[in-house]
Amino acid sequence: VSNVNNARKMVGIKIDKKNKTKNTKEQVLEQVQKLATGIIWKKRILKSGPRKGLEIFDECCYDIADAFVIGKAHFLEKKSNAK
């Protein structure tokens, strides 16, 4: 896999550039959650600010989602080359 965009394409993740409510990281996380149902995603509750009390995904979830995409793309690439 040459870059993250190719990896996303290989795994079937599509990013809607026109989406103004969710950035790329959020869109990737949302789609990976549908693909990787066995992962427990860490959440936290905001303690201050205008969104106080809101439950959000911890920052580490975005790294986990990225790692899943790269790993899955690598697996798919190796599987297709083995044929």
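1. Buried means under 20% relative accessible area, exposed over 50%, and partly exposed in between, with a 1.4 Å probe and protein chains only. By that scale glycine 53, at 49% relative accessibility, counts as partly exposed. Glycine 53 sits in the loop between strand 1 (43-45) and strand 2; helices (H or I, at least four residues) and strands (E, at least two) are DSSP runs, numbered from the N terminus. Glycine 53 touches Ile45 and Leu46, leaving out residues up to four places away in sequence, where contact means heavy atoms within 4.5 Å. Its C-alpha atom is separated by 24 Å from that of threonine 24, 29 residues apart along the chain.

2. The model is predicted: local features need pLDDT of at least 70 and side-chain atom pairs count only at pLDDT 80 or more, whereas totals for chains, interfaces and linings use all residues. Residues are numbered from 1 along each chain as its sequence is written, and side-chain values use heavy atoms, with hydrogens and water left out.

3. The protein chain has 3 helices and 2 strands, in the order α-α-β-β-α from the N terminus. Its radius of gyration is 15 Å, well over the 12 Å that the globule rule gives for 83 residues, so the chain is more spread out than a compact globule. That radius is taken over C-alpha atoms, and the rule is 2.2 Å times the number of residues to the power 0.38. The C-alpha trace spans about 55 × 30 × 20 Å along its principal axes. Of the 83 residues, 23% count as buried. Among contacts between residues at least 6 apart in sequence, 44% join residues at least 24 apart.

4. The largest nonpolar core has 13 residues; such a core is a set of buried Ala, Val, Leu, Ile, Met, Phe, Trp, Tyr and Cys residues joined through side-chain atoms within 4.5 Å. Helix 1 (4-11), helix 2 (24-35) and helix 3 (60-81) each supply at least two of its residues, and helix 3 gives the most, with 5. Ala65 is one of the residues with the most contacts inside the core. Beyond four places in sequence, alanine 65 touches Val28, Leu29, Val32 and Trp41.

5. The largest pocket holds about 200 Å³ of space. Its lining consists of Lys22, Glu26, Leu29, Glu30, Gln33, Arg51, Ile56, Phe57, Glu59 and Tyr62. On a 1 Å grid over the protein atoms alone, a pocket is an open set of points where a 1.4 Å probe fits, with protein on both sides within 12 Å along at least five of seven lines; lining residues have an atom within 4 Å of a point. Points are joined across faces, edges and corners, and the volume is the space filled by probe spheres set on them. Helix 2 and strand 2 (55-57) each supply at least two lining residues, and helix 2 has the largest share, 4 residues.

6. Glutamine 27 lies in helix 2 and is buried, with a relative accessible area of 6%. Setting aside neighbours within four places in sequence, glutamine 27 contacts Lys14, Ile15, Asp16, Asn19 and Lys22.

7. Aspartate 58 is in the loop between strand 2 and helix 3. Is aspartate 58 buried or exposed? Aspartate 58 is buried, with a relative accessible area of 16%. Leaving out residues up to four places away in sequence, aspartate 58 touches Lys42, Lys43 and Arg44.
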